[in-house]
Amino acid sequence: MFCAISGEAPEQPVVSVKSGNIFERRLIEKYISEHGRDPVTNEEITADDLIEIKTTPETVKPRPPKLSSVPSLLSSLQNEWDSVMLESFTLKQQYQQVRQELSHALYQNDAATRVIARLKKERDAARDALANIQAHLGTTTPTAQPSREQESMDVDQPNLPEEVIEKMNTTSARLSEMRRGKKKPPTEFASVEKVQEYTQTSSIPSLHSARSAGITALDVNSTGNLILTGGNDKHVQVYDKSEDKVIANLAGHTKKVTAIRFRGQEEENDVFLSASADKHVRLWVPDEKKGYKLGHNISAHKGEVTGISVHPCKDYFVSAGGDSKWIFYDFETAQSIMETVDSENQSGYTSISFHPDGNLLATGTNDSVVQIWDVKSQKIATNFGEHTGKINALAFSENGYIVATASEDNLVKLWDLRKLSNTKTFTLDDGYKVQSLAFDDYGQYLAVGGNDVRVFKAKDGSSIATFSDNTADVTGLHWSPLAQGLVTSSLDRTVRFYGSN
C-alpha cells in the first residue's frame, strides 16, 4: 500500500471514493487545496471525497537503505558523535569568551571606582584648602556646602529649567491668592441635607466592549459636557452629553487603560491624556472628522503606567509607573523635561497627583507608602507609611491642606500636611475595595468609590450618603461644580449621574 503521489508507505492513508487511489492525507489535502482535482485521474475532488483507511497493525515506514546494515549504522553514529563534539567545543569557546568579557567588565568597574574615590578625595582636599584661604582672608562661601546625599541627587536628578520653575511659582502665587477669597462655600453650594437626598438621575450604559468588560478610569471636561472613559478593552471613549452619543472610540493601546485626564482648559474640545499597562502615555487632540486623533505616543516608562496628573498651570503633566519612576512633561511638545527615580523605593508607583498649588506631588507605592515630593527639587518632603497593602487611590483637598489616601487595608486616611499627621481614618467594611477618591471643589465632602459609592463629611468623617446602584466596583468619581452632582464609573460598563431630581 503506497501513496499515489509520493510512492511511499503513507502514515495516514486515505482513499478517494472517485478514483480508488490511496494517498498520504497531508499530501492529497494540500494538492486539493491548490488544484481542486485528483492528481491521477484529473477529476474534480474535494476533501469530503476522501475516506480514512484504518489498518491493523498501523503502517510502519520502511527503514532508509543507509540504515539497513551494521556499517551504515556505525557510520551514522560516528557522524552524530562528531557533531556533538564540535558543538561541545563551540560551547567551551563561547564560555571562555564570556568569562573574559566578565573579567574585563569587573576590572573596568574596579578601575572606575578607584578613579571616583581619588577624585572625591582631591575634591574634598580642594574644598578644605579653599575654606582655609577664605578663613585667612576673612571671607565666607557664598553658598552652603552640599551634603553627599544632595550631591548624589544632583547627579541623578536633572533640575527643572528656570522658565518652568518661574511658571510654577507664578501659578502657585496666583492660586493661593484666589483661594484666600473663597474660604467659605457660597450659598449655592450643596448642603449636607441636599447631598443626602441625591439619587441617580441618569446613566450611560453599555460603554466599551463587553469582552474584557469594565470602565477603569473616568474624567469630565471643564464644560461638563464631555465624559472621558478608559476601559479594560484597551479603548478610550469620549461621550458627548448634548448629542447623547459616543463621538470618539479611540484604539491604540495594547493593554488596559489605567488612567485618563483632560488637560483642563476651558474649551469644548479639550485635549486629553491616557495611560495604559502597555507602558505608554498617549496625548489625544481634536480632529474634525473623527472627533479626536492621536497627537503623541510617549514611551518613556519601562513598566506599566499607573497614573497621570496635570499641573494646575495646564502646561505640564506627570506620569508614574511600575518602574518606580515619575516623569515631568511639557504639554505642547509631549517631551520629557525631567525623570525622577527614588532609589529607596523599587516597588513601583500605583498613583500620582499634583497638589492644588502645583509645587508638591503625591505618589502612592506598592509597598503601602505615600510620598509627598517637592517638585522643583525632586526631593521627598515627607512619607506617610501607616497603611498596609498597596496604595489604591489618593486625592488632595481643594485648599491643599489635606490629602486623602486609600489602600488594600480597607482604610481611608486623611493626612494634614501642616502637622504631617493622620487626622482622620475611615474604617470600611471587611473586603471593601477602594478604587477611587474625590474631594469636591471646596473640600467639604469626600467621595469614596469601591464596592459602592460613599460620601463622607471631610471635617468630622461622618457618613452622609451611600449609592449602591452599581453592579461591579466603582472605578471613577467626579464632583460637579459646587457639589451639585456626582458622576461615577464602574466595571459594569456604566457611567451614572447623581443629583437632585
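Biologist: Which residue's side chain does Asp49 meet in a salt bridge?

Modeller: The partner is Lys18, with 3.8 Å from N to O, where a salt bridge stands for a side-chain nitrogen of Lys or Arg within 4 Å of a carboxyl oxygen of Asp or Glu. Please keep in mind that this is a predicted model, in which local features need pLDDT of at least 70 and side-chain atom pairs count only at pLDDT 80 or more, while totals for chains, interfaces and linings use all residues. Residues are numbered from 1 along each chain as its sequence is written, and side-chain values use heavy atoms, with hydrogens and water left out.

Biologist: What does the pair of Asp49 and Lys18 tie together?

Modeller: Asp49 sits in the loop between helix 1 (25–35) and strand 3 (50–52), and Lys18 in the loop between strand 1 (13–16) and strand 2 (22–24), so the bridge ties together parts that are 31 residues apart in sequence. Helices (H or I, at least four residues) and strands (E, at least two) are DSSP runs, numbered from the N terminus.

Biologist: And is Asp49 buried or exposed?

Modeller: Asp49 is buried, with a relative accessible area of 16%, whereas Lys18 is partly exposed at 44%. Buried here means under 20% relative accessible area, exposed means over 50%, and partly exposed is in between, with a 1.4 Å probe and protein chains only.

Biologist: How many salt bridges does the structure hold?

Modeller: The structure holds 16 of them. One of these joins Glu122 and Arg118 at 3.3 Å, N to O, and both residues lie in helix 2, four residues apart, about one turn of the helix. Glu122 is partly exposed at 44%, and Arg118 is also partly exposed, at 43%.

Biologist: What about Arg454, which residue does it form a salt bridge with?

Modeller: Arg454 pairs with Asp452, and their closest N and O atoms are 3.0 Å apart. Arg454 counts as buried at 14% relative accessibility, and Asp452 is buried too, at 11%. Elsewhere, salt bridges that share partners join Lys167, Arg263, Asp315 and Glu332 into one network.

Biologist: Changing topic, how much space lies in the second largest pocket?

Modeller: About 820 Å³. On a 1 Å grid over the protein atoms alone, a pocket is an open set of points where a 1.4 Å probe fits, with protein on both sides within 12 Å along at least five of seven lines, and lining residues have an atom within 4 Å of a point. Grid points are joined across faces, edges and corners, and the volume is the space filled by probe spheres set on the points.

Biologist: Which residues lie nearest the centre of the second largest pocket?

Modeller: Of the 32 residues that line the second largest pocket, Ser397, Asn399, Tyr401, Ile402 and Tyr442 lie nearest its centre. Helix 4 (162–180), strand 23 (411–416) and strand 24 (421–427) each supply at least two lining residues, and helix 4 gives the most, with four.

Biologist: What is that lining like by class?

Modeller: The lining has eleven nonpolar, ten polar and eleven charged residues; Ala, Val, Leu, Ile, Met, Phe, Trp, Tyr, Cys and Pro count as nonpolar, Asp, Glu, Lys and Arg as charged, and the others, Gly among them, as polar.

Biologist: Back to strands 23 and 24, which residue lies in the loop between them?

Modeller: Leu420 lies in that loop, and its phi is near 55 degrees, a positive value in a residue other than glycine. Most residues other than glycine have a negative phi. Leu420 is partly exposed, at 47%.

Biologist: And where is Gln378?

Modeller: Gln378 is in the loop between strand 19 (370–374) and strand 20 (379–384). Although Gln378 is not a glycine, its phi is positive, about 55 degrees, and the residue counts as buried at 1% relative accessibility.

Biologist: Last one, where is Leu74?

Modeller: Leu74 is in helix 2 (residues 70–137) and counts as exposed, at 53% relative accessibility.

Biologist: Which helix holds Leu119?

Modeller: Leu119 is in helix 2 and is partly exposed at 44%. From Leu119 to Ser242 there are 123 residues in sequence and 67 Å in space, C-alpha to C-alpha.
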